[in-house]
Structures are given as structure tokens and as C-alpha cells.
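Let us walk through this structure. We begin with its aromatic rings and end at its surface.

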Amino acid sequence: MSRAILIIGGGIAGLCAAIALRHAGMQVKVYEKSSGPMPVGAGILIAPNALQALQPYGISGEMIRRGYPGDGFRLLSDRGRDLTRMAIPSDYGSQYSIHRKDLHDLLLTALPSDTVEWGKSFSSLEQNENGVRAAFCDGSQAEGDLLVAADGIYSGVRSQLFPGEPYRYAGYTCWRGVVPADGLDGLTPHFIETWGTKGRFGIVPLPDRRVYWYALINARQSDPRLADYSAADLHRLFQDYHAPIPDLLLRTGTADMIQRDIVDMAPMKCFYSDRVVFVGDAAHAITPNMGQGACQAMEDVRVLSDCLLASPDHREAFALYQARRQKRIRQISAQSRKIGRVAQSESVLFTQFRNRLMKHVPARLSRRQADQLYRFQT
């Protein structure tokens with residue numbers, strides 16, 4: 001049975017939902033508040049579980065072709081000493097880094113050119129036994145059988161249907177940037193994250209001789225002082241960290257940095273409301289400590305598509321989708337928050353103890369954690 005489905009949000013979750021649902025024979029239309037394809041952003045990671053989830057739709061291969069492969073993360077101290085490896089077992093393949101804009105363009109290319117309507121800021125919705133109607137701030141409306149809310153952590157759809165689902169500040173803020181890799185002394189082909197008492201710093205190679213970096217420090221929420229930080233300010237903070245961290249910041253222009261407080265939300269108790277279903281950050285925004293935010297959105301849309309194919313009753317399909325996703329999301333969300341608390345410690349004594357402990361993590365424990373994370377289950 002073909003259904004007409006409205007998708008609110010044209011980011012990664014919304015575009016992946018459109019691709020998956022079109023593959024299942026649905027009629028889809030995406031409504032995005034931006035006036036056009038988003039040119040901003042930094043790097044993003046696509047893990048093996050996400051590639052497995054998207055495999056039926058013919059886009060996993062293109063992500064692999066256009067991405068930069070990595071076998072996990074190497075965790076280092078601020079002096080550059082090895083702490084541990086968060087390795088991806090070889091039988092799962094690689095994870096791939098890609099610029100967010102490149103990923104967005106890749107997903108748009110996989111859809112008919114008229115799939116997305118731009119400049120459509122969501123205003124309100126109505127639903128009844130016959131369908132759902134969405135209204136937009138420009139006065140226009142759209143009708144369909146079902147609606148997929150993929151409009152992020154600050155979801156307007158969720159605010160209308162579930163106003164008691166707040167987001168949470170994680171206690172730290174993040175800067176991101178992308179710079180050329182040529183001539184950068186100390187750069188390796190590995191994905192690296194450095195843990196020190198002044199903050200965390202990540203280095204991720206990208207295709208086309210670029211490097212994606214990110215820096216996280218503990219801070220008050222919405223601190224205006226940090227909103228005005230320059231690249232020089234960050235360099236002063238991280239100048240004693242190992243190479244090539246100081247040089248990365250020296251070659252970054254302040255206008256090229258993106259700063260955001262890190263927030264998440266407890267996974268929704270119910271992922272749907274009658275004809276409306278939530279995916280990605282709109283349902284379960286996750287801190288970035290495991291690189292699984294976008295990946296879990298990709299898992300969401302695969303499972304949702306499979307459930308809608310399996311049942312002609314949308315209520316039954318949505319209930320099955322929730323049953324298959326909720327436990328996994330809760331586990332990953334909780335684990336990611338814990339990792340953030342441990343990684344962001346400013347205590348010298350705790351950091352010394354943590355670093356010694358990390359060097360002795362049993363291989364079997366690492367393998368079990370990798371199996372749990374990187375194996376997609378329908």
C-alpha cells in the first residue's frame with residue numbers, strides 16, 4: 001500500500017527517511033525551513049552500523065567511495081602518549097569521515113530534484129482518522145497520510161505534541177573547523193582524540209587533503225565569553241597539547257569555526273503520536289562522544305521503513321518501530337553521556353588514574369562493546 005508521507009526537516013535524518021521510504025514505495029515530500037541546501041558544517045562520521053542500515057538503498061557504496069576510511073579512534077594524552085584504541089574490528093569494515101555538506105549533497109542527489117521544498121518553516125499540524133495536515137509559517141499547507149518528524153533536537157513538531165520533552169546541557173561546549181592538511185607537521189592518517197585536563201581535541205582526516213578538528217571544554221551554558229572566542233583564544237588554551245593541535249588552530253580562521261554548546265535529550269518515552277512518528281535527533285538527540293548521532297538516525301529510518309512495509313496499519317507499524325529502537329537508543333544515549341563525563345574531567349588525580357586504567361582494558365571487553373555498537377539489527 002502506497003502512502004503519502006510528509007517529512008518535516010531536510011537534514012541528514014529527513015533526507016535518509018525520504019530515500020528509505022521511497023525505496024519502500026511511499027510517496028514522500030520533504031519540507032525544510034532553510035532557503036536552500038545547507039552550505040555550513042564540518043566533518044561527520046559514518047560508522048559500519050549505519051552503512052549496514054542504508055545498504056538496501058544504494059547509497060552506502062557512494063558514502064564509502066566519497067569518504068575517508070578509518071579503523072576507529074586512537075585516544076591520546078595531551079602529551080601525545082597512547083592511552084587506548086577504540087578499534088573497529090576488521091570484519092565490520094571501516095568507518096568513514098566526510099564533510100557534512102558533501103554528505104548532504106550526496107543524499108540530495110539520491111532523490112528526485114522536486115522532493116524537497118525549501119523555505120518551509122513548520123508552524124503546526126492537525127491529524128484525524130483520515131490523515132495529517134501540516135501548516136507552515138509562510139501560510140502554506142500540506143496534507144498526507146503520515147508525517148515523519150525529522151526536525152532535530154529543537155523539533156517544532158515535538159514541541160506541539162510532547163511539550164514536556166526538554167533537552168539537557170551536557171556541561172561542555174564545542175568548536176569545530178576544517179582546514180587544509182598540506183604541510184601540517186605531525187599529522188597522521190589516523191582518527192585521533194586527545195584527552196587532557198584543559199579539554200578534548202579531535203583530529204579526523206577528510207577526503208581531498210582536508211582535516212576536520214573539534215575542541216571541547218567545560219563551560220557554563222550559553223556563556224557569552226566563549227561565543228566570542230577566536231582561533232587565537234583556542235590556540236592559547238591548547239598550545240601545550242601535542243602536535244599538530246597548535247598548528248591546526250593557527251591555520252584556522254575565526255570566521256571558519258563553528259561553536260555550539262553540547263546538548264542532548266532523554267529518548268522520548270513514545271516515538272509516535274497517532275499519524276506522526278519521530279526519527280533522529282527529534283526523538284533522541286545523543287551527545288557526540290560515540291560518533292553515533294547521525295548513525296542512529298540512519299538506523300531509525302531503515303527500521304521505520306521496514307515496519308511500514310510489514311504492516312498496513314500505521315499504528316501497528318509505529319509501535320513495532322518503537323519496540324525495535326527504544327532499548328538500543330537508551331543504551332547508546334546513556335553510554336555516550338558517561339563517556340563525556342569521564343573524558344571531560346579536569347581533575348589531575350582522576351585523569352592520571354583514568355589514563356592508567358584505559359591502557360589495560362581487556363581485548364575481549366573492547367570486542368564485545370564493538371559488537372554491540374557496530375552490528376545493525378533490524
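Predicted model: local features only at pLDDT ≥ 70, side-chain atom pairs only at ≥ 80, totals over all residues.

Residues are numbered from 1 along each chain as its sequence is written, and side-chain values use heavy atoms, without hydrogens and water.

Start with the rings. Rings of Phe, Tyr and Trp (its six-membered ring) pair if their centres lie within 6.5 Å; planes under 30 degrees apart count as stacked, over 60 as edge-to-face and the rest as tilted. The count comes to 13 aromatic pairs. Take F73 and F191: the ring centres are 5.8 Å apart and the planes stand at 65 degrees, so this pair is edge-to-face. F73 lies in strand β5 (residues 72-77) and F191 in strand β14 (residues 191-196), so the pair ties together parts 118 residues apart in sequence. Strands (E, at least two residues) and helices (H or I, at least four) are DSSP runs, numbered from the N terminus.

Are F73 and F191 buried or exposed? Both are buried. Buried means under 20% relative accessible area, exposed over 50%, partly exposed in between (1.4 Å probe, protein chains only).

One aromatic cluster is formed by F201, W213, F238 and Y241.

Now the surface. V342, F350, F353 and L357 form a nonpolar patch there. Helix α12 (residues 348-358) gives the largest share, three residues. F353 is found in helix α12. At 46% relative accessibility, F353 counts as partly exposed. Patch residues have over 30% relative accessible area and no salt bridge; like charges are joined within 9 Å, nonpolar side chains (Val, Leu, Ile, Met, Phe, Trp, Tyr) within 5 Å. A salt bridge is a side-chain nitrogen of Lys or Arg within 4 Å of a carboxyl oxygen of Asp or Glu.

Last, the charge: R200 lies over the face of Y172, 5.6 Å from the ring centre. A charge sits over a ring if NZ of Lys or CZ of Arg is within 6 Å of the ring centre and within 35 degrees of the ring normal.

Conventions: Areas by Shrake-Rupley, 256 points an atom, 1.4 Å probe, with all protein chains shown as cover.
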